[in-house]
Amino acid sequence: MTLLQAGPAVTPPARAGTALARPRRGLLVPALHVVFVAAIVGLWQLASGRWIDPLLVASPSTIATRLGDWLGDGTLWGNLEPTLEALLVGFVIGAVLAFAIAVLFTDVPPLGRFFENYILALGAVPFVALAPLLIIWFGLGLEPKIVVAALTTFCSFFANAYTGLRETSPQLLELGRILHATRWQRHLKIRFWSAMPYLTSGVKQSLPRAAFAVIVIEFLASNKGLGYLITSSGNNLDMPGLFGAVIVLVIVTQGLLYLVRLAEKRLLSWQPQERR
Amino acid sequence: MTMQRETRADDVDEQGSAHTVASPAGAAGQVAAAGIEHVYHSDRGAVTALARTDLVVEPGEFVALVGPSGSGKTTLLNIIAGLLTPAAGTVSISTVPTSTVPIGSGPAGSGTARGSAARGSAAGRPVVGYMTQHDSLLPWRRALANVAFPLELAGVPRPQRLERAAALLERVELAGFGGHFPHQLSGGMRQRVSLARALICRPPVLLLDEPFGALDGVTRLALHKVLTGICNDLGTTVLLVTHDLAEAVSLSDRVLALAPRPGRVVREYPVPRPGGPREVRDIYSEPELIALHNQLRASLFG
């Protein structure tokens, strides 16, 4: 009998092993990344002027100089800010709307069954192709970009959110019924968390798509923004400017995705390691 | 306070339960099911899961339901839990007369809770604890927050519900594991957490659907002891569905044998039992219990 009682009353296991292995691995991989990127840039700089015509492909040093100038005279922020603003505002509007509708559809399943296909069909519409129309409606400012970012996010995020909310385990919903959970408690405390892995991957999917859509609108018609910076540099045959703007675009979208992954790591810390 | 009402399948609330919660003084935790029938409809036609069944479980009684699969054990339990609406019949569960008092202000958690008064009423409070073989722990909550979950839904303030959850975790011998996520716990530990969660609102009735079915023998015995101990203290009425006849005999006061096609209660076996607090009994050391076990086996599988 003492054995039975002693069995579960052990102290929680310390997580040895991982604590020892982490620090070394934690430094090694970033160091390798730095070496890799430095090697690529170095090779590029070396090749430029020798094997590559700098008029066709700008060298890293000229790109760096151009980015430095832009940083100094406000060109960089002046064009980065409108793109970021349109992207983030549009993304939030699209994601919130998509989540709200997904909640409504899970709450009233017949509604979901009826309208789901319309929303999925909306996702097949290439919204950037509507650019001329949107510009006639909203002008050249932020608005058409926000609308396109919101629509793109909405379609891509909706599919994830709706699937995630619907996939909630019947056992957990049964628990909610046994415990007399209210409708809001059911959505907020059971379905929302249960859908979390789908929601984070929905953000990871829709954010780059929305960024792409904003840039394309800026290509087509605008006088500000990273997309505008890319096309105007291209039109002036300004290779360092063109490459610089593209590099900034890559860094910014990857930076945003990095923040999303950080948030995801926290939000999904409850999942077993092997599923993350 | 009495809220007896007749309910039939065509007269059910939003939750889909044909449930009555009544509170005649002194009869806390009585379960009465009358004329219950249930039919499952599928593509291949209707299957009678449960033919007309009556069942009364007295307050504080421990009743086991045994029978082969298809005999309607789980169906009956789910109807009593309010998860299924029977095709016919009524279920009534009497609650403690003080059930209008907010859950948060029981003996363990004194002090009145703001906000809990509104939702802690007889209507908002779960009157049954429910536990199945597949633990339905919320995987994103640590053990402590899982145990406290029912209190959270009922609006009990955070410090109070965490205090009570911690005390109950200790009671199921999981002190020190409150910070673990379900996937970091063994199957037996998860069932301990589930048991604690099922009991945290001190429900007058505990419904168990093969809760120990997936556990090894040693773990199962340990959980039997935890279960009987807590139910003795709280005076909980227990309905246990099990396929393990030894478990049924060693734990319960009465065993109901069910048979399939259609599912129904075919016989009732009182378990000879000395007075005093209930204990997990070693059926192999008591000839009466061995005899009962054999009799059950013969009637069910003979």
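In chain B, 71% of the contacts between residues at least 6 apart in sequence join residues at least 24 apart. The model is predicted. Chain B has eight helices and ten strands. Of its 302 residues, 48% count as buried.

User: Why is B:Ile290 called partly exposed?

Analyst: B:Ile290 has 14 other C-beta atoms within 10 Å. Buried needs 20 or more, and exposed means 12 or fewer. The value of 14 falls in between, so B:Ile290 is partly exposed.

User: Where is B:Ile290 found, and which residues is B:Ile290 in contact with, leaving aside neighbours within four places in sequence?

Analyst: B:Ile290 is found in helix H8 (residues 287-301) of chain B. Leaving aside neighbours within four places, B:Ile290 is in contact with B:Ile283 and B:Tyr284. As for B:Thr236, 54 residues apart from B:Ile290 along the chain, the two C-alpha atoms are separated by 26 Å.

User: What makes H3(B) mostly covered?

Analyst: Nine of the eleven residues of H3(B) are buried. A buried residue has 20 or more other C-beta atoms within 10 Å of its own. The buried residues include B:Ala143, B:Asn146, B:Val147, B:Phe149 and B:Leu153.

User: Which helices do the buried residues of H3(B) pack against?

Analyst: They pack against H9 of chain A, and against helix H4 (158-171) and helix H5 (187-199) of chain B. After H3(B) comes B:Gly155, with a positive phi near 85°.

User: Which residues touch the most other members of the largest nonpolar core?

Analyst: That core has 82 residues. B:Ile80, B:Val147, B:Leu169, B:Leu207 and B:Leu239 touch the most other members. Helix H3 (residues 143-153) of chain B gives the most to this core, with seven residues. Another core lies apart from it, with 49 residues, among them A:Leu76, A:Ala86, A:Phe154 and A:Leu165.

User: What is B:Leu239 in contact with, leaving aside its neighbours within four places in sequence?

Analyst: The partners of B:Leu239 are B:Val31, B:Val57, B:Val63, B:Leu65, B:Leu77, B:Ile80, B:Leu207 and B:Leu208. Being in contact means C-beta atoms within 7 Å.

User: Why are H8(A) and H9(A) called roughly antiparallel?

Analyst: The axes of helix H8 (residues 170-178) and helix H9 (residues 183-194) of chain A cross at roughly 170°. Angles over 145 degrees count as roughly antiparallel. H8(A) and H9(A) are therefore roughly antiparallel to each other. Their axes come within 11 Å, and the crossing is right-handed. A:Leu172, A:Leu173 and A:Gly176 of H8(A) make the contact with A:Arg186, A:Ile190 and A:Ser194 of H9(A). These residues divide into three nonpolar, two polar and one charged.

User: Why is H10(A) called oblique to H11(A)?

Analyst: Helix H10 (residues 196-220) and helix H11 (residues 226-235) of chain A have axes that come within 7 Å and cross at roughly 45°. That angle makes H10(A) oblique to H11(A). Roughly parallel would need an angle under 35 degrees, and roughly perpendicular 65 to 115. The crossing of H10(A) and H11(A) is right-handed.

User: Which residues meet where H10(A) and H11(A) are in contact, and how do they divide?

Analyst: From H10(A) come A:Ile215, A:Val216, A:Ile217, A:Glu218 and A:Phe219. They meet A:Leu226, A:Gly227, A:Tyr228 and A:Thr231 in H11(A). The residues of this contact divide into six nonpolar, two polar and one charged. Gly counts as polar and Glu as charged.

Definitions and conventions:
Residues numbered from 1 in each chain as written. Chains lettered and ligands numbered in written order. Predicted model: local features only at pLDDT ≥ 70, side-chain atom pairs only at ≥ 80, totals over all residues. Axes fitted to C-alpha atoms, helices over the stretch in contact; angles between N-to-C directions. Helix = DSSP H or I, 4+ residues; strand = E, 2+ residues; numbered from the N terminus. Left-handed = near helix turned anticlockwise from the far one by under 90°. Contact = placed C-beta atoms within 7 Å. Core = buried A, V, L, I, M, F, W, Y, C linked by C-beta atoms within 7 Å.
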